[in-house]
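This briefing is for a reader new to the structure. Please look over the sequence and the model first.

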Amino acid sequence: RALASVTNRAYLRGPILSLCRGEWQYALTRDGIGYLRILSFGDYSRREGLAHNLRALDRALDRILRNPALKALVIDVRLSFGGDDQLGLAIAARLTATPYLAYSIQARSHPTVRTQFTAPQPVMVQPSQRPVFLGPVVELTGPITMSAAETFTLALMGRTPRVIRIGEPTQGVFCDILERRLPNGWKFALPNAVYVTAEGKAFDAVGVPPDLPVPVFDRADTAAGRDPAMAEAIRLLTKP
């Protein structure tokens, strides 16, 4: 809350809408740019299940994207701890008019040969039949951007026009875990797959890098009420 409040006070105007049971926060900047903070990719509905989460997501995006005055959008996943990859794909589907590859998944296929993987399984972004936004989008990322927030970041990389990433590299933890139980009853879990871009690049451990590196929640900036990444996003989206 303390970190979010810096951005809220310095750059947003008017009411901040709480959507998807508080997991989304939306407002306009003083320049009229839409700002969407996504705290998680799940728990959007009181009823469990992907279908209910998708309905809540669509209602929220309908409310945001039906504004004809919306000219640009900042999506902030710097405080996002992940969730369900399908919800990230559903958001990406509301930002395009043409299908494109989000990423491909390859799983380990040999117990000892570390470099042997299955053939890439493509995951596509399919345009939604509901209102879409095709204008400029900037994404804010940082070291707390993890898991489904990172697969969402991958899902935006193939969009046209291109989504510009500002901030710091994401955490670098993409894959769901494979759980196993040992004979003594202990349980352990390991990721057993990689998510790769259209060019075949994976970002495990190193994270997805920003296009424009800017410190994220630096202690001095926070104390001074500054958010340089947000300021850079606004500058980029308002320049002639």
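Helices (H or I, at least four residues) and strands (E, at least two) are DSSP runs, numbered from the N terminus. The model is predicted: local features need pLDDT of at least 70, side-chain atom pairs count only at pLDDT 80 or more, and totals for chains, interfaces and linings use all residues. Residues are numbered from 1 along each chain as its sequence is written, and side-chain values use heavy atoms, with hydrogens and water left out.

**Overall form**
- The protein has six helices and 12 strands.
- Its C-alpha atoms fill a box of roughly 60 × 45 × 35 Å, taken along the principal axes.
- Of the 240 residues, 48% are buried (under 20% relative accessible area with a 1.4 Å probe, protein chains only; exposed is over 50%, partly exposed in between).
- Among contacts (heavy atoms within 4.5 Å) between residues at least 6 apart in sequence, 69% join residues at least 24 apart.

**Helix α1**
- Helix α1 covers residues 2-11, and its buried residues are Ala4, Ser5, Val6, Thr7, Asn8 and Tyr11.
- The cover over these buried residues includes strands β1 (12-19), β2 (24-29) and β3 (34-38), together with helices α5 (219-223) and α6 (228-238).

**Around phenylalanine 188**
- Phenylalanine 188 lies in strand β10, residues 187-191.
- Phenylalanine 188 is partly exposed, because its relative accessible area is 37%.
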